[in-house]
Each structure stands twice: as structure tokens, then as C-alpha cells.
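Here are a few exercises to work through with the structure open in your viewer. Try each task before you read its solution.

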Amino acid sequence: MAQITYVEAIRGALEEEMRRDDRVLVMGEDVGAKGGVFGATAGLFAEFGEERVIDTPLAEAAIVGVSIGCALAGLRPVAEIQFLDFIPPAMDQIINEAAKIRYRSNGDWSCPMVIRAPCGGGVHVHGALYHSQSLEALFAHVPGLKVVIPSTPADAKGLLLSAIRDPDPVCFFEHKALYRSLRDEVPEGEHLVPIGKSRVAREGTDLSCITYGATVHEALAAAERLGQDGIEVEVLDLRTVRPLDREAIIATARKTGKVLVCHEANLAVGVGAEVAAIVAEECFQQLDAPVMRLGGPEVPAIPFAEPLAEVYCLGPEKIEAKLRQLAAY
Amino acid sequence: MAVSESAPAIAADLTQDQLRSMYRDMVLGRLLDERILVLNRQGRAPFAISGQGHEAAQVGVGYALRRGHDWLVPYYRDLTLVMVMGMEPRDHLMASLGRALDPNSGARQMPGHYGSRAHNIVTTGSPVATQILHAVGVATAFKYRGEDKVVVTSVGEGGTSEGDWHEGLNWAAVHRLPVIFLVENNSYAISVPQSRQMAVAHVADRGPGYGMPSATVDGGDCLAVYAAALEAVERARRGDGPTLLEAVCMRLQSHSSDDDQRRYRSPDDLAQMREHDPLERFRRQLEGVGVLAEGDADTIRKDCQRVIEAAQAEADAAAPPDPATALRHVYQEG
């Protein structure tokens, strides 16, 4: 098995799927000759040409809206929004159009498409307010959409293949801090990871840490530190935030009786609130502590300068502290 | 017989049968539209949106398309156009009365939100001008697969103020896509007149800004619209890209059943508009060249009335949707 990075896994999935299925095409800003600002489409333009790897005008609503039209006419478009921060102009197309096409036509029409976007920031990303946001909760609120946020190179490939083959619109958010920081084994060829199924990233019996995306790795580092003190933390990587893997959330909560939910996105009205509600509704009798949450503070986004960014970001230390607080409850 | 079937001078490529059929489609659209408004006033149809005054433009464009081959991404005033594409009066009465057999949406959407895969009519929602981008995507698929299909998408002149409209025209021109942007300009976006919507006299004035051929045509003149639409369709079909086609229409009724245009339009304005009703214009035109004989228009009207009566009887008897289906079709089932 090849050891490749997260962004190479994305690129490889696109390449394999485009070779397999000529209905698949890619469109976005700079996805052509440049291969995308992060290189996620590198080489595709040379192999598949400008009709399948479309350098679009600088117009996010159009990237999504034209992709919807392609999907309605039988293609399998993969739209790239250069940064998730710039997706708001396309929200009308995503929420009012893509998400509602099947329902509003009573099943007559469908909209199989993928919207890829790099998300997230961090102390070392220096993306500041407009190149670092984690906006997944906006999409996770909307019936008709699926929202996938892979945390490993293997999942990036396997979930992207599943997303492209999915019969409904999938938002596929890639944490940019993972693009080149991770190198891992990724199965070659058909490697499908089902949408809506989480993954136990670390087994544990004392506490559950439920998370997704880049925060999975911070939670794993924190869990290792608690493990040195004999506190075994189970880390659940959600992989998909709509639909949530309710069974797995309930299973880990019942197993440990203590749950911390954490994510980089702003805490209030976030994905963590929904996870906490599921645990509260389904596992009340098995809980040994209140469900705790950790997420972005009440500021709009991650600031540029490192000392300011550190205030926003989680990191293993903050997660470790919260886990110890939960363990001591 | 050969003489009577030859085309009259008014439209070289249309047979007399086609011209009569065009007139009939306009009448059918008008009478159905009137019936739906009556149902609304009776309290039976909770919402209605009228296309009265747009029939000539819609029939002109519809007849320039190959039915069952080309596609339409419509907007809410296209009652007559979607019937030219193959939908039936019963379909719309089912929608107006909220019946399960509404083919657009199974009575999930308000009436006037057209869509039918069987007729190549793309599903539409309520946001204005979002459909423009869908048509560009449909045209992208046609071009990518090397098909000789074209797609028409329509919008009012108010919709041309939206960003999606601009983004769509720009993109289609850059990629020379087989799409026709039909603007049914009836001078009002609900109550806001064109002069508060744009600083140009004609929507088509913007064509050169996109690097796209454009034309303004009298939307009350069915054959003029047909000729302009045919030129645009042929251009698209031979791979020479999109066209912006503006049809200057009149809005005989208020924006919707929840609006009253007497509050913002003068009585003179409304009266003058009625004098130029496109149905009467086309009738006189066809009678003038002998395509319609004396009494033909009455016969056509009565025939359309019968069709609508039968359709309403069907819709009256049809069942409302089963509440158990309200949660279906959010995602693919099974």
C-alpha cells in the first residue's frame, strides 16, 4: 500500500473516478492548468482536458449552480470552492436548490454532485478570518444535504469516492492543515468508505471524545497523554456530520458514561450541540457526568497573528485539560 | 388542398396547421390561467400566479424548440410555455388544487413551480434567477456529450438584477454554450417598474457586455418572437453559443393572487394594455391571411373550454396527497 498525503489521496480519488466514469467532471477556480491552489486537481487538466476540468469564472454561485445543472442533465460534477470561507455567495444554490431538488420534485429529479472545499485554520495555517473558517454547521442543518469531513488520507479517498457516487448532493470539507501534514497508507483502487458511518480512532473505556476532521488528531494526542496516567479515552471520529452516526455515538456514550464533544468550529449551535442532545436523549441513564463540549469561542473566526490564533484554536492541551476535568467529575 | 396547406406570407416556415395550433395553444393557456384565477377567488386554489399577456412570447419560443429533445428551465409565468413542451391543463389544475397527482411536485410546492422530467422541464423553486445557472449547467452537459440539444431558460426583467443572472450569462458566453436566455419583460417586478430595475432601455442592451448576441422583440407578436427564437436556437444548435432574447410582454394580471396592481399602476396604463392583448392581435393576424376562417376562433375557444372542464372534473375528483408521504424523497430511497 502506498504512503501518500491527504491531498494526494483527494487527487488520486478524483483521477480514479474520472477514469472510471466519464460523467464525472471537475470545475472551480484555478482547478485547470494550475491544479488548484492546494494541488488537489494537479495533473487532471493534462489527462482529461479543459472540457472535464473546467477553469470557471470567479463566481461561486455559478460554480455550484452550473454543477447543479450538470447533475440535472445526468453528469456527476465535482465543484471546488477555493476556500470554504467563500461559499456564502453559493448558499442560495446549495440550500434552496441542490438540497431541495429531490424533495420539491417529489422524487422526479435528483442532484448527485459533490461540493469540495478546504476548511479550517490553526496556529500554523495563518489563514486569518477569511481563509480558515469551519462552517459545516450551516450545511449540517439542512435536510437534503450530506456533509462529510474526513480526517485521514485513507478516509479522504474512500469518502470522496462514495461522495461522487452518492445519488444526492454531498458537501465534502477538507481541513487544509491536513493536506500535507499527514502521510498514511491508502488502499489503491476501489476503496469506498460509507457516508454516515463513524470510526473508532482509539479504543477506550473511561471517557469518550467525539470529534471529526483535524481535531481528531489533537484528540488522539490528548488521549495518549491521559493514557499515560491510566485513563483510557475512546476517540470517535464522526467522519460525516450529516447524517450523524447515531448508533456509534450512543454506543460509545453508553460504554464510557462520560462524553466530551469537540470541534474547531464555533461552539454555539454547532455540530457538538446536536451530538450532545443525542447523548442526553438516548443515554441519560448511563451517563456519569454532564456531556461536555469544547469548540471555537464567540468570535467570528480565527485571527491572523499567532498569539491571537492560539486563543481560538483547540490543540491537544485544551482538549487534555477538558478531558481531565471530565475524568475527575 | 395543396394551396390551402401552403404557408402564408406571414411565416415562411410554418404551415397553416402549425399556425392554428399556435393560436390554440395561446387560447388554451389564457383560458386555463383565467380558470385558475377563478378557483383562487372561489377560495379553492390557495395561490395563483398568472402568465396572461405572455402567451404570444411563450408560444413563439416554444415552437422554435424540438419537443421531447430540447430542454426548458422555466420560471413561474410560463404556464403556456410548459404546455407547449407537453404538459396538460390537468397537470396544472392538480397543482392548483393541491392534488397528489400534481406532476411538478406532488403538491409540495406552490402552483407555478414547474418541473417534469418526462417533458425535459427542469424542476424550479421560488428564488429568482437561480434557474439561469441550472440552464448553463444543462447546456454544459449537452456540449460535453456532443449532443445537438439546446436549453431555454426564462426569467422576468426583475430577475436580471440578480447576481446569478449575470454569472450565468457571463459563463455561457465564455464557454459558448447552447443556451437561450429568454427575458419576458413585462415592465414590472411585482410593483417596481423597469426604470428602477436598470438604467438601460432594453435588457438586450447588455448582450454586448457579455459578448453575446442579443435582441429585443415585441413579445405580443407571436411570429416575431418565433423568428427571433428560431435564429437563437439554430445558433445554439450549430455550436455558435448563447443568445439573450428579450420579449417585451405585458402583465395583464397582478403579480400573483396576493397582489393588486391597481394600487401601483394607473387605470389608463391598465386599459391601454388590454387594447393590445396578444391573443386578439394574433387572431386578427391569422384571420387577415385566411389561416383562421370566420368562426374558427370561436370553435377553438370552445374546444379549449371543453378540455379545461374535463381537466377540472378530473382534478376535482383527485385525492390530496397522503400525509404519510410528507417525509419521503429527501434523499434517494432504498
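**Exercise 1.** Work out what share of the contacts in chain B between residues at least 6 apart in sequence join residues at least 24 apart.

*Solution.* Start with the cut-off: two residues are in contact if their C-beta atoms, placed from the backbone, lie within 7 Å. Next, keep the chain B contacts between residues at least 6 apart; 74% of them join residues at least 24 apart. Run that on chain A and you get 79% for residues 24 or more positions apart. Bear in mind that this is a predicted model, where local features need pLDDT of at least 70 and side-chain atom pairs count only at pLDDT 80 or more, while totals for chains, interfaces and linings use all residues. As for labels, residues count from 1 along each chain as its sequence is written, with chains lettered from A and ligands numbered from 1 in the order written.

**Exercise 2.** Why does chain B count as being as compact as a globular protein of its length?

*Solution.* First, tally the secondary structure, taking DSSP runs (helices: H or I, at least four residues; strands: E, at least two; numbered from the N terminus). Chain B has twelve helices and seven strands. Its radius of gyration is 20 Å, close to the 20 Å that the globule rule gives for 334 residues, so chain B is as compact as a globular protein of that length. (The radius is taken over C-alpha atoms, and the rule is 2.2 Å times the number of residues to the power 0.38.) Last, look at the extents: the C-alpha trace of chain B spans about 55 × 50 × 45 Å along its principal axes.

**Exercise 3.** Find which residues touch the most other members of the largest nonpolar core.

*Solution.* Set up the terms. A residue is buried if 20 or more other C-beta atoms lie within 10 Å of its own, exposed if 12 or fewer, and partly exposed in between, with C-beta atoms placed from the backbone. A nonpolar core is a set of buried Ala, Val, Leu, Ile, Met, Phe, Trp, Tyr and Cys residues joined through C-beta atoms within 7 Å. The largest such core holds 206 residues, and Val138(B), Val179(B) and Ile180(B) touch the most other members. Now zoom in on Val179(B): beyond its neighbours within four places in sequence, its contacts include Ala135(B), Val150(B), Ala236(B) and Pro242(B). Finally, check burial per chain: 53% of the 334 residues of chain B are buried, and for the 329 residues of chain A the figure is 59%.
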